[in-house]
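Dear colleague,

Please find the structure below, handed over for your study.

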Amino acid sequence: LRTWVHCILLSPVQVANNMMDMDQDPRKRLCFADGRRKVDYVLVYHYRKRSSVRGSPSQHRLSIISNGSYPLGVEEKDQEGRKDEPAEVVVDVGPPDPADGEKIMIREEFEGNLKDAGLEIEHDKENKAHGHAFIRLHAPWQVLSREAEFLKIKVPTKKSYELREEKGLAATMNEVWRKLNQPFQPKVPHQEQEHSRALFFCLTGITTLIANGVYDSAFPLHDGDFHPSGQAEGKNDRQLLHDEWARYGAFYKYQPVDLIRKYFGEKIGLYFAWLGVYTQLLIPASVVGIIVFFYGWATVETNIPSQEMCDEDQNFTMCPLCDRACDYWHLSTACGTARASHLFDNPATVFFAIFMSLWAAMFLEHWKRRQISLNYSWDLTGMEEEEEHPRPKYETILLQKRQRKKKNTKNKNEVGRLYLPYFMQLKHIHAYILPLFTLNVFLPSQTGHEKLTWRDRLPGYLINISSILFMFGVTCSAVFSVIIYRITISALMAMSSDPEVKSNVRVTVTATAVIINLVVILILDEIYGMVAAWLTELEIPKTETNFEERLILKAFLLKFMNAYAPIFYVAFFKGRFAGRPGDYVYVFNDYRMEECAPGGCLIELCIQLSIIMLGKQLIQNNVFEIGIPKLKKLCRTLKDKERAPKEIVEQPGRRQQWHLDYDLEPFDGLTPEYMEMIIQFGFVSLFVASFPLAPLFALLNNVIEIRLDAKKFVTELRRPDAIRAKDIGIWYNILSGLGKFSVIINAFVISFTSDFIPRLVYQYMYSETGTMHGFINHTLSYFNVSNFKPGTVPSISSLGKDITFCRYKDYREPPWSTEPYQFSKQYWSVLAARLGFVILFQNLVITMSMLVAWVIPDVPKNISEKLKKEKTLLVDVFLNEEKEKLQLIQSLFSRDLTQEQQEELKVSDQTSLPLQQTQPGQLPPTSSPAPRTRPRAASFSQFTRQMSMSPRSDITQHTAV
């Protein structure tokens, strides 16, 4: 095996020597047994000791000699002095499973390569029968310095520069804003770039060994206990994060993003920075939403359509809501629904929809600026994407393909066939990275240029397409099942003899149906997450980045469909295909398709959206995040106790930090965290026209979510491997797509779900007074009760038998028309206005969004000025370096010329020719000419105006480059 060690550091000044000073607290829980060398990384495997026999060179020793992990006792020192005598050592006499022996051999060889790379290793002292063994790794400073040179790490220039300070009103406003923000700043030390320990590490290849059972887990250590020590100056980073970030009492403070990045890495730091920007920008959206809601509440008493619906003198007799069992009813009984609908369906809703579309564009632009600022402050501007090694699954499939090809070409007798499946899976096992460096361990490449083609992936693609379509069918079936539930329960409750039950049919059915929808969504969410991971594995992505992007796309597609399918049904399909009196559409030939409430479908859409959004946030985002990790930890603890009931603790005293960290829950990635927020962003932006309070509830949830995630990362999870990242990846593209999609959805919600367009059409085209008086009568059509189909007429009517006509909400011709019950001219006028509004709204909002994106620059002005200054300094550094090279070359030429002059003096002494008689410009006569010195080649980019390199221009002349 060949071992390479890579470290990624910003500057040698940044990285403090990880050799602990003896004068300070050694913090033995975080160090080797000598109390000096810090434990940077931990590998864990399950240990089983068979018996003790006399040492034999043919046996595999399980107790590898550690590098000072435990002080030598008297007996061990005596054994060192008597090397010839046989010593009794602990060995494995042969595990019952051959695979265990192979795992031991792989571990020994791998650890040997780690030592060859310069790492220092400490093992557990083997005084227990079985259990978990911990291997501690330490990266010396010399290894880090050497590999930093190999990676060409940028270092800050010594020369400092100052930007021009702002003056006048801008400076005053900035100073006032800084003072107002002071109470909200976390009390953490300022993370100066030159003083921070920039730790970047990523763990990719160890997953192969963990998957094969060679190791159980691998993780970096936390910085000690998170409980406060009582001394503010002696707090470690974990304690600072717990006190100033991971407490609910710190909800009003800004997040210490620089400290988060320092402790967890850039990828996690960017997630919390993005979440913070999103939460901050929800504040203005919440304020505007509250204003819109209170505007509807303040104008509900003066709303003419609501007054007409609540006016009992109007006496609109409505057609029955179901066949036979339902009676005729008066429109005034739906007064409460009409008044509640006005709270969300008013002229201010259109303004709010436009505002939220522009808000989405501003949010994306603001995040781009924030991301560029973080890239600059975290020194990620010049980071290049490194070529990723293939995933273990990809390597395994490629190995199987190669073996089949070799079998077909009669290459069957390969040496080491028995161990090939285990060793070949170790190829490209890289990045056993300590918190201060990245470790690459791999076998010599034997793959050549062979790779998996589309033919190898075709079965996976076919299964993916069919499975996703099947999942879509499952989601639609769940929605349809709830529709059937609503229809049947409505019919059954309408047949009840209890008048109170009949009066509460719509409220009861709507509430219970939404709760059923919520439960189905939560269950299918968990199933779809596992299905998405399984389908992504079938595609055999080559790298982890490809795997993550494909997994995110599938999971988002399935969960988006699952969360929004019931809402899309209520917004755009409910009541559209119910038919009309005398010609209703039936399900299973018995049940009528459901219709919207008398006040319209917008109030039902609001109820559906609010319950699903709040339910998902409360149950899935909070209860599940708190309960599931604790449940998993309990199950894992019980499982470990059952598997190792007699395990002897190595040190009966206080447990070491690696033992405490191993008991924590492993980190599973940021995909679930991002997915929660992306689905919430959809609730806030897509159907916000129907629920203006959605940003407010999202804001309240995110304030809790930030602290909940922080507490989980600091106290309940193992410390994740820090991964460098410049952006949030594919999530930005999803956010951008949702922002554009929200413009279309809100346009259709305002046009087709609300009554905004019908009210405008009536007021400006059909109203005789130019007001909304008579709007309700205009939207109701007439139906002759004699045209009911047999068996559908109400069996018992409390309104009398003199009813000739009943009303229903639609734009159709009356029974006395030449074309009865056909769509009227008003219907086509309203439809044309709706389509025109959709086109106008989309073009207006998209144009304004593009204008906002154009007006707001992606790069902040101060960052742009700093980048220009740094480029200027960089050019100065290069010029000074080239100048020093030129001076060095000139000094070398001068030395050569001095030697030449000395030789000339010797020759002149031999010929008795005084130097004073030599003419200027003439060479003294010699018996043989002196050899001319060949000038050395100048380095690239020698910026100088000197035409001569030497005072003897007649002997050596150079042209400036």
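Predicted model: local features only at pLDDT ≥ 70, side-chain atom pairs only at ≥ 80, totals over all residues.

What percentage of the residues in the protein do buried residues make up? Buried residues make up 46% of the 961 residues, where buried means under 20% relative accessible area, exposed means over 50%, and partly exposed lies in between (1.4 Å probe, protein chains only).

Residues are numbered from 1 along each chain as its sequence is written, and side-chain values use heavy atoms, with hydrogens and water left out.

Overall composition

The protein contains 26 helices and 16 strands; these are DSSP runs numbered from the N terminus, with helices being H or I of at least four residues and strands being E of at least two. A contact is defined by heavy atoms within 4.5 Å. Among contacts between residues at least 6 apart in sequence, 80% join residues at least 24 apart.

Two packed helices

Two packed helices are described by the angle between their axes and the distance between the axes. Helix α11 (residues 347–377) packs with helix α22 (residues 730–753) at an angle of about 170°, and their axes are 10 Å apart. Here the axes are lines fitted to C-alpha atoms, for helices over the stretch in contact, and the angles run from 0 to 180 degrees between N-to-C directions. The helices α11 and α22 are therefore roughly antiparallel to each other, given that angles over 145 degrees count as roughly antiparallel, under 35 as roughly parallel, 65 to 115 as roughly perpendicular and the rest as oblique.

On the α11 side, the residues that meet α22 include Val 350, Phe 363 and Trp 367. Among their counterparts in α22 are Tyr 732, Gly 739 and Ile 750. The residues of this contact of α11 with α22 divide into ten nonpolar, four polar and one charged. In this scheme Ala, Val, Leu, Ile, Met, Phe, Trp, Tyr, Cys and Pro count as nonpolar, Asp, Glu, Lys and Arg as charged, and the others, Gly among them, as polar.

Arg 370 also has its place in helix α11. At 32% relative accessibility, Arg 370 counts as partly exposed. Leaving out residues up to four places away in sequence, Arg 370 touches Val 257 and Val 277. Arg 370 and Asp 858 are 488 residues apart in sequence, and their C-alpha atoms are 8.9 Å apart in space.

Disulfides and a strand pair

How many disulfides does the structure hold? The structure holds four disulfides, a disulfide being a pair of cysteine sulfur atoms within 2.5 Å. With bonded cysteines counted along the chain, the disulfides follow the pattern 1-5, 2-8, 3-4, 6-7.

Cys 310 and Cys 335 form one of them, with sulfur atoms 1.8 Å apart. This pair links distant parts of the chain, from Cys 310 in helix α9 (residues 304–310) to Cys 335 in helix α10 (residues 335–344), 25 residues apart. Cys 310 counts as partly exposed at 22% relative accessibility, whereas Cys 335 is buried at 19%.

Cys 319 and Cys 806 form another disulfide, with sulfur atoms 1.9 Å apart. Cys 319 lies in the loop between β8 (317–318) and β9 (329–330) and Cys 806 in strand β16, so the pair ties together parts that are 487 residues apart in sequence. Both of these cysteines, Cys 319 and Cys 806, are buried.

Strand β16 (residues 805–809) also pairs with β15 in the antiparallel sense over five bridges; two strands pair if DSSP finds at least two bridges between them. Phe 783 stands opposite Cys 806 in β16. Strand β15 (residues 780–784) is mostly covered, with four of its five residues buried.

Cys 322 and Cys 326 also form a disulfide, with sulfur atoms 1.6 Å apart. The torsion about their S-S bond is about 95°, so the disulfide of Cys 322 and Cys 326 is right-handed.

A buried loop residue

Gly 224 is found in the loop between β7 (217–219) and α6 (237–244), and at 10% relative accessibility Gly 224 counts as buried. Beyond its neighbours within four places in sequence, Gly 224 is in contact with Leu 30, Asn 236, Arg 238 and Gln 657.

Yours sincerely
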